[in-house]
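Here is a short briefing on charged contacts and strand pairing. Keep the coordinates open while reading.

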Amino acid sequence: MRWLRNRNALAVMLMVILAAAAAVAGLTMRGSRTVSDEQLPGTAVSVDAEPSSDAPLYLLVTAGSTTYEPILLEGETVFTLTQGDEMVNIIHATADSIWMESATCENQDCVEQGAVTRENRRTRVLGNMIICLPHQVQLELFTADELTAMGIEPAEE
């Protein structure tokens, strides 16, 4: 019985070490990203523009090795990101939040991650990110100052 408890403890420690290694790798890779001049394809904007009282937020989308130009979030917007014939992610954004509305991947983890908002982006498990591993899509919510600190020029307001 004692060996079983030790085995469980080892498994938990291994998971914690792997999670920490993944976090360090993510932070290391985050600083070395170059942003394409390309805009996110398939943009559909609705007319619900509500100005935010706080600093404007930006959506940064990475698909595979391409990081698209930061998108200033104004009002409610839906983006369709299509890669190839079968990989489709529907991204929903407002002036204060982003979420993965739907995806054609089987596991739907990205959809279940919920919304990243101005209020929760520092306290969520994945912070300001939503990740779709099967499609290699990463959504991130930033302020203009945060983008500038990373060496990325935000779009004009």
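Two strands count as paired if DSSP finds at least two bridges between them. β7 and β8 meet that condition, because they pair in the antiparallel sense over two bridges. The model is predicted. Its salt bridges number three.

**Strand pairing**

- β6 and β7 run antiparallel and are joined by five bridges.
- I90 has S102 in β7 as its bridge partner.
- β7 also pairs with β8, again in the antiparallel sense.
- T117 in β8 stands opposite S97.
- In a regular strand, side chains alternate between the two faces of the sheet.

**The D96–R118 salt bridge**

- D96 and R118 form a salt bridge, with 2.9 Å between the closest N and O atoms.
- D96 sits in the loop between β6 (87-93) and β7 (97-103), while R118 sits in the loop between β8 (116-117) and β9 (129-132), so the contact ties together parts that are 22 residues apart in sequence.
- D96 is partly exposed, at a relative accessible area of 29%.
- R118 is buried, at 16% relative accessible area. The cut-off matters here: buried means under 20%, so R118 falls within it.

**The network around E146**

- Which residues are linked in a network of salt bridges? They are R121, R122 and E146.
- E146 and R121 meet through their side chains in a salt bridge of 2.9 Å, N to O.
- This pair links distant parts of the chain: E146 is in helix α3 (residues 144-149), R121 is in the loop between β8 and β9, and they are 25 residues apart.
- E146 also forms a salt bridge with R122, where the closest N and O atoms are 3.0 Å apart.
- R122 lies in the loop between β8 and β9 and E146 in helix α3, so this second contact ties together parts that are 24 residues apart in sequence.

**Burial within the network**

- Are E146 and R121 buried or exposed? Both are buried.
- R122 is exposed, with a relative accessible area of 64%. Exposed means over 50%, so R122 qualifies.
- E146 therefore has a buried partner in R121 and an exposed partner in R122.

Definitions and conventions: Residues are numbered from 1 along each chain as its sequence is written. This is a predicted model: local features need pLDDT of at least 70, side-chain atom pairs count only at pLDDT 80 or more; totals for chains, interfaces and linings use all residues. Side-chain values use heavy atoms; hydrogens and water are left out. A salt bridge is a side-chain nitrogen of Lys or Arg within 4 Å of a carboxyl oxygen of Asp or Glu. Helices (H or I, at least four residues) and strands (E, at least two) are DSSP runs, numbered from the N terminus. Buried means under 20% relative accessible area, exposed over 50%, partly exposed in between (1.4 Å probe, protein chains only).
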